[in-house]
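Please read the following note with the structure open beside it. The points are numbered so that each can be checked in turn.

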Amino acid sequence: MLDIYKIREDFPILGRTVYNKPLVYLDNGATTQKPRCVVEAMVNEYYSVNANVHRGVHFLSQQATELHEAARETVRKFIHARSINEVIFTRGTTESINLMASCFGQAFMREGDEVIVSVMEHHSNIVPWQLLAERTGIRLRVIPMTDEGELCLDSYKELFNERTKLVSVAHVSNVLGTINPVEEIIRIAHAHDVPVLIDGAQSIPHLKVDVQQLDADFYVFSGHKVYGPTGVGVLYGKEKWLEQMPPYQGGGEMIQHVSFERTTFNELPFKFEAGTPDYVGTTALATALDYVSAIGMDQIAAHEHELTQYAMQQLDQIPGMRIFGRARQKSSVISFLVGDIHHFDMGTLLDRLGIAVRTGHHCAQPLMIRLGIEGTVRASFGLYNTKEEVDALVAGITRVAKMF
Ligand code: PLP
């Protein structure tokens, strides 16, 4: 059992009040709060190590480079990649997927080729492919889902044809909380010789991820959703694919030799990392991954599962409650509406009670169309949330509902 109250002491922000009420932070799907060790890692690096990485002969530059490359090794271990060559630092999930659309698209996709996504994708895993479609004439195919929020695997199987070049799906839905059966999704794609990109933005903080066990070809995530800093994220890719892809952006770090006649590119992973990286961010990301590893991903998953089960039971007691997403495998995200109360009104009034939830379409408008709604209220739990906070949410919703 985790000592949640002790863990909460690591997160100074959780002790603050808003509108004179204790903060109940249930917007972890959008971003997580940072433990003291993560912020201190950044402060320490800026105060005592700061220097640009990779290019310097001097002491500080070498020390900063060591920290940055040690962070890459920490990420490798965390997701169990084969090699550090497979760990590309990016600005986050969004940039990782844009890199894929750009570089995988250029290497492997031509007019009429297809990428399979699902109806529950975040805009980050839709729009980059649409931009590629506009540039090159590729097409998107969409896996439908059941009313419970589970992907229809039979329909998925039927989407494959000789033009299918990539499958790109979320591991966990940021709206429904559905944990998609990505192992099976990957197995089916591989039977067609099609590689798979997994959007791990909502799985990395909640589930133990092993890219080799999943046999994922690409896996992307953001640091800020796993108690790390904003502005830094990861693209994992199997070396055999990354080797064949052209660079993303041009600039420093990603070259081997530049002349006006001919430029050659650096080896992996640097080929995809143009410009000065956020080396302080990568150190802090590694600190965050070490932090959750020390607690234990299985322990975190168990705690969040218990909290989600409890919350679902309690919320179901509220008259007029409609919960969107009742998949058998569900992460700690609960989207709901109550009666005909607008999601924005519910969110605003909960805020006045100190309860931070997210409202709106959650960057998943195609999913909203599928559900026939404009938006939801979303409560999403992290490792530091408690049953008392679930009770506060339930009491808050009940109070708001009575006002209408
Ligand atoms: N994919 C999913 C499933 C998400 O939930 C999010 C963020 O909410 C993203 C992608 C985009 O992440 P970021 O804004 O950190 O790039």
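**Notes on the structure**

1. Strand 17 (residues 376-380) is covered on both faces: T376, R378 and S380 on one side, and V377 and A379 on the other, are all buried. Buried means under 20% relative accessible area, exposed means over 50%, and partly exposed lies in between, with a 1.4 Å probe and protein chains only. Helices (H or I, at least four residues) and strands (E, at least two) are DSSP runs numbered from the N terminus. The strand is thus described as mostly covered, with 5 of its 5 residues buried.

2. A word on the basis of the note is needed here. The model is predicted: local features need pLDDT of at least 70, side-chain atom pairs count only at pLDDT 80 or more, and totals for chains, interfaces and linings use all residues. Residues are numbered from 1 along each chain as its sequence is written, and side-chain values use heavy atoms, with hydrogens and water left out.

3. Which strands pair with strand 17? Strand 14 (residues 333-338) runs antiparallel to strand 17 and is joined to it by 4 bridges. Strand 16 (residues 358-360) is also antiparallel to strand 17, with 3 bridges between them. Two strands pair if DSSP finds at least two bridges between them. Within these pairings, F336 has V377 of strand 17 as its bridge partner, and G360 has T376 of strand 17.

4. N28 is placed in the loop between strand 3 (24-25) and helix 2 (36-48). Is N28 buried or exposed? N28 counts as buried because its relative accessible area is 4%. A polar atom of the N28 side chain lies 2.9 Å from the backbone oxygen of S380. The side chains of N28 and N385 make a polar contact at 3.0 Å. A polar contact is a pair of N or O atoms within 3.5 Å; within protein, one must be able to donate a hydrogen and the other to accept it, and residues adjacent in sequence count only if both atoms are side-chain atoms. Leaving aside residues up to four places away in sequence, N28 touches Q33, S380, F381, G382, Y384 and N385. Contact here means heavy atoms within 4.5 Å.

5. Strand 9 (residues 218-222) pairs with strand 8 in the parallel sense over 3 bridges, and V220 of strand 9 is the bridge partner of D199.

6. Strand 7, helix 7 (residues 182-191) and strand 8 form a right-handed β-α-β unit. A crossover is right-handed if, with the strands pointing away from the viewer, the path from the first strand over the helix to the second runs clockwise.

7. What lies 2.6 Å from a polar side-chain atom of D199? The answer is a nitrogen atom of the ligand. Oxygen atoms of the ligand lie 3.4 Å from a polar side-chain atom of H122 and 2.7 Å from one of Q202. Taken alone the ligand exposes 390 Å², and the protein buries 85% of that. Such accessible areas come from the Shrake-Rupley method with a 1.4 Å probe; for residues, only the protein chains shown count as cover.

8. Some backbone features may be checked separately. Most residues other than glycine have a negative phi, and most peptide bonds are trans. H54, in the loop between helix 2 and helix 3 (59-79), has a positive phi near 70 degrees. H80, in the loop between helix 3 and strand 4 (87-90), has a positive phi near 60 degrees. L268 and P269 are joined by a cis peptide bond, with omega about 0 degrees. P269 is placed in the loop between strand 12 and helix 10.
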